[in-house]
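Visitor: I'd like to learn how to read contacts between rings and charges. Could you walk me through some?

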Amino acid sequence: MAKSLVIVESPTKARTISSFLGPDSVVESSMGHIRDLPRSAAEIPAKAKGEDWARLGVNVDEGFEPLYVVPKERKAHVKKLRDLIKDADELYLATDEDREGEAIAWHLVEVLKPKIPVKRMVFHEITKPAIEEAFSSPRDLDDRLVQAQEARRILDRLYGYEVSPVLWKKIQPKLSAGRVQSVAVRVVVERERERIAFVPAGYWSIEGSFAPGAELDQVFSATLHSVDEARVASGKDFDSKGKAKSKVVVLDQEAATNLAEGLSDAAFDVKSVESKPYTRKPYPPFRTSTLQQDAGRKLRFSSSRTMSVAQRLYENGFITYMRTDSVELSDTAVSSARGQITKLYGDEYLSPQPRKYSGKQAKGAQEAHEAVRPAGDFLTPEQVAQSVGADEAALYDLIWKRTVASQMADAKGVTVSVRLGATATTGENALFAASGRTITFPGFLRAYVEGSDDPESELDDKEKLLPPMSEGDDIAVQRLEPTGHETRPPARYTEASLVQRLEELGVGRPSTYASIMTTIQDRGYVFKKSSALVPTFTAFGVVALLEKHFPKLVDYEFTAEMESDLDLIASGDEESVPWLTSFYFGDDGLKQKVATRLDEIDPRLINSIPIGEDDDGAEVVARIGRYGPYVEKGDERASIPDDVAPDEVTVAKALELIELQNVGDKIFGTDPDTGLTVYGKTGRFGPYVQLGEQEENSKEKPKRASLLQNMVLDELGLDDALKLLSLPRTVGEDAKGVEILALNGRYGPYIQRGDDRRSLESEDQLFTLTVDEALKLLAEPPRRRGQRAPQNLKELGKDPVSGKAVTVRSGRYGPYVTDGEVNASLRKGDNPETIDIDRAADLLAARRDRLANQ
């Protein structure tokens, strides 16, 4: 019997597949990619270091030949795989069925150079029948898929390595540009620009409570619809500049109040009743993007958390492959779903015929060719919940319900529209509108209802009942309430709605959405306020530079065309080298663009965002500086706090920040020891106290001290300020006469004896710690050099993946969350005092993904 070596990407996948194959098969993990383009100059081989193209990792002069290297941390594992091949008679490459999986398989062959038969086995679910079928019916490696993935990797490298240095020189160091990443940032920035330009409009309506005739217990609500046949304006009737449509009447407070008073004793009756039946068809099964969107809406999962959880479900055999742009179901899956519908809901909930779904799938996309659905026998959510964590159970429940619902009967119901009329004492004819919805047969809604990004929208399964009414019926008024409204700017994107928008634009592919969401946050272009994605001022500068000097690179249509071209390479309708040559060396190619336009870029202009003018006509501008954003009016400047969104930086807010910065010169009094004035000031990193002024032509700065965490500048007195300025405090000396100091550092309070340091548990110890206490602390084993002892700030609950307690801690580099196994830093916009277990689980899931891909 031939001995087989089967290589997959992950240890979990290896364990699951190993349980399905016999003792003559060894299943081992490659631990992801075993080689890639160099990550740094240190990884470039010596023979290539002198080449002009070496920094790119791609020989652009020789057919865009990539320079692949095996990272140092992967070499031992490569040796292990080579040793396993020596004992095998055949090699099966069982990596994922998409482009990236094909590329991993190809790299394994190139590096391991097996001298035994090599077979490619593919499957879209990890169940015993699927694995046995794939094992018995292997295919060859698909060179077109490999070329397509390699072309994407090279394209992304050229884009990032050529454009990113432009950002370093003209905006800030360490910034990055990316083919899909930069377009995603542009989408978020454009929405913020819309919010900045938005002019709110005020309008009034009248909300009423009514009851039919004497049936005072059947109260329903209605809203003023029209006055003298002119429709009353609602929020949708105003444009972004606050201007209303010409054919509507806009009520102000006085008009609404007067009309309500004039109608309070009026006789209302039913003017019309319109009833219409409706039918609602079920949603198609999940593809990657819709899975991320609904998991975001219903479970509050980030895209990376959704994909991390889905990966675990797939690798453990519970769902099909989760990276797909298909909504199709196999005949077996349809049969399984319909069987469960009959068993759990009854025959009346089964659609008369099996439903076939087909969606818009990119030509040659070569992702999985079936929707995300339960694998194998369609275990119920209750069965799966017994053997997985909370996150996996919740996501499986979502996938199972969506899949089963897709084969269920239509939902049916009736909508009712009622108009109520009366004449006010002032002569106006007013018409009020009420609407209702009754579900007569829930159909698929018994199993699944799609979520919404709009918190005010009504979901499909929500009924709104109205009492029976007929035209001419008398209606009793119980309440008429004039209500003021103001139009709102367009909502910021959430991860779910941004994925939806990118998909609409044709930007990115199923396998990229989660990484895009993570990247734009990790790189400091976007931060979260609740679930909303807020662009930073740095993002504004980057997008402005790219739009003005490299417009094609962030053009939606051009980026979508690039995706399509890459798909054509996968299908064999386009060749990668001519295409890359055109992109890089063409008349309007990237290489020439960067070379010719670098000197044209004015950093000050790119990094300036006009805000407006003050009352005296002085221009107020937001600028992106090397150390962060700030506002400027003439010679006056003030830093913009990290948690302030761009649309919040109005002229009034900018002037307030400048005033606060200037007001920082609070005078506490005079230091009795030096005779110098003690000031309170506010800087970029917060408030601080200062002893004396900086002398003219002197490089020596006056003594300063930051406030402690629980201090507020306005509440401090002279004694408090002098106490802060007393730091560092000499605690005493040890037995050898070495001085021990108490200091308040950037990462918190600590003591120091020579080069030996220990963190303090509280800031109060800076002033109260005794010599004996200091010596006891110094006698304890030292921690890693420079690392502050983590302090538990808050316990959040159990991580749904590891099942371990998650805490918020304060560490050397700031607050972070940990489950004892994985640490994840809090991101911009996260508050250690208000963060909850859901957000912490998101951060830990994203961190696990990065560690897995390293």
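Guide: The charged end of Arg191 sits over the ring of Tyr493, 4.3 Å from its centre. "Over" needs NZ of Lys or CZ of Arg within 6 Å of the ring centre and within 35 degrees of the ring normal. Arg157 does likewise with Tyr161, at 4.0 Å from the ring centre. This is a predicted model, where local features need pLDDT of at least 70 and side-chain atom pairs 80 or more, while totals for chains, interfaces and linings use all residues. Residues count from 1 along each chain as its sequence is written, and side-chain values use heavy atoms, leaving out hydrogens and water.

Visitor: How do I read a pair of rings?

Guide: A pair of aromatic rings is described by the distance of the centres and the angle of the planes. Rings of Phe, Tyr and Trp (its six-membered ring) pair if their centres lie within 6.5 Å; planes under 30 degrees apart are stacked, over 60 edge-to-face, the rest tilted.

Visitor: How many aromatic pairs does a search of the whole structure find?

Guide: There are 18. One of them, Tyr68 with Trp106, is edge-to-face, with 6.3 Å between centres and 70° between planes. Tyr68 is buried at 17% relative accessibility, and Trp106 is buried at 19%; buried means under 20% relative accessible area, using a 1.4 Å probe and protein chains only. The centres of Tyr203 and Phe238 lie 5.4 Å apart with planes at 25°, so that pair is stacked.

Visitor: Which residues form one aromatic cluster?

Guide: Phe210, Phe220, Phe268 and Phe432 do.

Methods
Buried means under 20% relative accessible area, exposed over 50%, partly exposed in between (1.4 Å probe, protein chains only).
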